[in-house]
Amino acid sequence: MGIKLSRVTLTYIFQTTLNQVSTTTQPTTLIETQTILRCNFTSTNLSQSCVYLRIEGPETTIFEDFIVSGPRSITTASGGTHICDGTNLNANPTPGGTLTTAMDQAAQDLGFTYDGTYSSEFEDYFIQSIAGVTQTLTQFWGILSNYQFTPTGGCQFQAQRGDVVLWAFDAFNAVAFLHASSSPTISYPDTSSYPITVIVGTPHTLYVLDGSTNSPIAGALIANQITNASGMVVITPTVPGTYSYKATKSGTIRSNYVTLVVVPT
Ligand code: B12
C-alpha cells in the first residue's frame with residue numbers, strides 16, 4: 001500500500017512541503033509511505049561513502065537525504081576537471097568518496113549545477129555557487145562534517161559512512177547549526193532523520209540543539225511551536241499520516257528534518 005518514492009522524489013516532496021509545514025497549525029501530511037535509502041553499515045566497499053547530506057540555501061533546503069558517492073573527477077565551469085577522492089594534497093592514503101563528491105552526486109540526481117575555482121595550492125575547489133545560490137562579498141558556502149567545520153576543502157576530506165555532511169550558505173555568519181531530533185542527545189551515525197512511529201494522541205517531544213556544541217536552542221520554530229530553554233517542544237499528533245519538520249531560527253542554519261509516522265491507536 002502507499003506510494004513508492006525514489007530518493008529524488010522524496011527530496012522534492014520535502015522541499016515543496018516545507019513552507020506548508022511552517023504555516024499551518026496542523027502538520028501537513030506529506031506522503032503515505034516513504035522509501036528512504038539508509039546507509040549499509042555492513043558494506044565492505046569502503047571507497048563508496050554513504051552519508052546524510054544536507055545542502056542548506058538561504059531560503060530553502062536544496063538537498064537532504066542519504067547519498068552514496070565514490071572517488072571521481074569532477075568538473076566546474078570556473079575550475080575545470082580534477083580528481084576529487086580525498087588523496088588531494090595527500091590528505092588521505094587511499095581514494096574514497098568526499099564531501100564534494102557527495103554534493104556532486106546530489107547535483108547529478110537533482111539536476112542542479114554548482115561552480116567553484118580550483119586551487120593548485122590546495123588541490124581543491126573553492127565552491128562559490130550551488131544550485132544558483134552564489135556567494136557574495138560577505139556570505140560564503142561553508143562545509144561541515146558532523147556539524148564541525150572541516151579544516152580542509154571538500155575534495156581533501158573523505159566522508160565516512162554515516163557522517164552528516166552539511167554544505168551551508170552563509171555558514172561563517174551563522175551563530176548555530178540547528179539539529180532536530182526526537183532524542184535529547186546527538187550521536188553518530190546520526191539516525192535523527194529516520195522516521196519514528198507515534199500513536200495518535202500521544203505527546204511526543206522534539207529537541208532542537210546546536211549540532212556543533214550540543215547546546216539546547218531556545219526560541220527555534222518547529223512544528224508550529226517555539227522551543228523552550230531546554231530546546232524542547234511537545235507535540236500531540238491528532239491525525240494519522242507522515243509529518244516532517246525542520247527547525248528554524250534567525251541567524252542560524254536550519255535543521256535536518258525529523259519525520260513522524262503517526263498511526264491510529
Ligand atoms: C579568507 C579565507 C577564507 C574566506 C574567503 C573569503 C573570500 N573573500 O573569498 C572564506 C571564509 C569564504 C573561506 C572559506 C573556506 N576556507 Co578558507 N581561508 C581563508 C584564509 C584565512 C585566507 C585566504 C586569503 O585571503 N589569502 C590571501 C589571498 C590574496 O590569496 P588567495 O589565494 O587569492 O586566497 C583565496 C583562496 O585562499 C580562497 N580560499 C579560501 N578558503 C579556501 C579553501 C579552499 C579549500 C580553497 C581551494 C580556496 C580557499 O579564497 C581566498 C580569497 O579569494 C586562509 C588561510 C590562509 N592563511 O591562507 C583559509 C584557508 C585557505 N581556508 C581553508 C578552508 C578549509 C576553508 C573552508 C573549506 C572551510 C569550511 N570548512 O567551510 C571554506 C571553503 C568552502 C568552500 N566554499 O569550498 C583552509 C584550506 C586548507 C586546505 N588544505 O584545504 C585555509 C588554509 C585555512 C586553514 N585551515 O588553515 N576561507
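Q: Over how many bridges do strands β11 and β13 (residues 204–210) pair in the antiparallel sense?
A: Residues are numbered from 1 along each chain as its sequence is written. Helices (H or I, at least four residues) and strands (E, at least two) are DSSP runs numbered from the N terminus, and two strands pair if DSSP finds at least two bridges between them. In the case of β11 and β13, the number of bridges is four.

Q: Which residue of β13 is the bridge partner of Ser181?
A: Strand β11 covers residues 178–181, where Leu178 and Ala180 point one way and His179 and Ser181 the other way. Across from Ser181, the bridge partner in β13 is Tyr207.

Q: How many residues of β2 are buried?
A: Strands β1 (49–56) and β2 (61–69) form a hairpin with four residues between them, and they pair in the antiparallel sense over eight bridges. Strand β2 is largely enclosed by the rest of the structure, because the buried share of its nine residues is seven.

Q: Is Glu59 buried or exposed?
A: Glu59 is found in the loop between β1 and β2, and its C-alpha atom is separated by 9.9 Å from that of Val133, which is 74 residues apart from it along the chain. Because Glu59 has 11 C-beta neighbours inside 10 Å, this residue counts as exposed.

Q: Which strand supplies the largest share of the shell around the ligand?
A: A residue is near a molecule if its C-beta atom, placed from the backbone, lies within 6 Å of it, and 19 residues surround the ligand, the closest being Ser119, Phe126, Phe140, Gly142 and Gly153. Both β6 and β8 (141–145) supply at least two residues of this shell. The largest share, four residues, comes from β6.

Q: How far apart are the end C-alpha atoms of helix α2 (residues 99–110)?
A: In α2 the buried residues include Leu99, Met103 and Ala106, and the helix is followed by Gly111, whose phi is positive, near 85°. The expected span is 1.5 Å times one less than the number of residues, so the 12 residues of α2 should span 16 Å, which agrees with the separation in the model, 17 Å.

Q: Over which residues does pLDDT stay under 50?
A: The chain averages a pLDDT of 86, and 83% of the residues score at least 70. Where pLDDT is low, the predicted coordinates should not be read in detail. The stretch with pLDDT under 50 is residues 1–36.

Notes. Predicted model: local features only at pLDDT ≥ 70, side-chain atom pairs only at ≥ 80, totals over all residues. pLDDT = per-residue confidence, 0-100. Contact = placed C-beta atoms within 7 Å. Buried ≥ 20, exposed ≤ 12 C-beta atoms within 10 Å, placed from the backbone.
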